[in-house]
Amino acid sequence: MDHIDRALLAKLQEDATQSYAGLGQAVGLSAGAAHERVRKLRERGVIRRTTVEVDPAVVGGGVLAFVMIDSTSWMGDAAEDFAALPEIVEAHIIAGSASVLVKIRTATTELLQDVLRRIYAIDGVSGTQATVVLETFFERPVSPQA
């Protein structure tokens, strides 16, 4: 991946609806060359998908919490159990005092409490420690710059 691919990725992260002509102009390529580069980035799995950024608060996800999950056993086989809870937007096996870290979005703290109850129902979960976010300074996409 060279500096042109990185520049294309940065432009696409700003606005994925840009035309190939606009992308090409921004990085010094023709529309056809920009299209070919983006196609190759997709084929190589660098671009996994094109999506829309939604404001979570507007669609009922105004409460954000990070939850550390303790367990009595290896949780690597429980991915489907965590994925079955739609309020969990990220889940990670971690090293340290806890086994799993999840990011949860709900509309209210009462709904967050319900999600925590459902997490406790997952086989092997022995405890949770939730941290509710009061304000988000910023969230960044993955930087294409090396």
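Buried means under 20% relative accessible area, exposed means over 50%, and partly exposed lies in between (1.4 Å probe, protein chains only). The legends below concern a predicted model, in which local features need pLDDT of at least 70, side-chain atom pairs count only at pLDDT 80 or more, and totals for chains, interfaces and linings use all residues. Residues are numbered from 1 along each chain as its sequence is written, and side-chain values use heavy atoms, with hydrogens and water left out.

View 1. Glu36 is partly exposed, at 30% relative accessible area. Lys40 is partly exposed too, at 41%. A salt bridge here is a side-chain nitrogen of Lys or Arg within 4 Å of a carboxyl oxygen of Asp or Glu. Helices (H or I, at least four residues) and strands (E, at least two) are DSSP runs, numbered from the N terminus.

View 2. Arg39 is partly exposed, with a relative accessible area of 31%. Glu43 is exposed, at 57%.

**View 3. Arg118 and Glu87 form a salt bridge.** Their closest N and O atoms are 2.9 Å apart. This pair links distant parts of the chain, 31 residues apart. Arg118 belongs to helix 5 (residues 109-120), while Glu87 sits in the loop between helix 4 (79-83) and strand 2. Arg118 is partly exposed at 27% relative accessible area. Glu87 is partly exposed at 22%. Elsewhere, salt bridges that share partners join Glu36, Arg39, Lys40 and Glu43 into one network. A search of the whole structure finds eleven salt bridges. Side chains of opposite charge can pair when their charged atoms come close.

**View 4. Lys103 is a buried residue of strand 3.** The strand spans residues 100-106. Lys103 has a relative accessible area of 11%. A polar contact of 3.2 Å joins its side chain to that of Glu139. Such a contact is a pair of N or O atoms within 3.5 Å; within protein, one must be able to donate a hydrogen and the other to accept it, and residues adjacent in sequence count only if both atoms are side-chain atoms. Not counting residues up to four places away in sequence, Lys103 touches Leu64, Ala65, Phe66, Glu87, Ile88, Val89, Glu90 and Glu139. Contact means heavy atoms within 4.5 Å.

**View 5. Strand 2 and strand 3 form a hairpin.** The two strands run antiparallel, and five bridges join them. Strands pair if DSSP finds at least two bridges between them. Strand 2 covers residues 88-93. Glu90 stands opposite Lys103 in strand 3. Six residues lie between the strands, and Gly96 in the turn has a positive phi of about 130 degrees.

**View 6. Val52, Val54, Val58 and Val59 make a nonpolar surface patch.** The patch area is about 420 Å². Patches are made of residues with over 30% relative accessible area and no salt bridge; like charges are joined within 9 Å, and nonpolar side chains (Val, Leu, Ile, Met, Phe, Trp, Tyr) within 5 Å. Accessible areas come from the Shrake-Rupley method with a 1.4 Å probe; for residues, only the protein chains shown count as cover. Val54 lies in the loop between helix 3 (31-43) and strand 1 (63-71). Val54 is partly exposed, at 48% relative accessible area.
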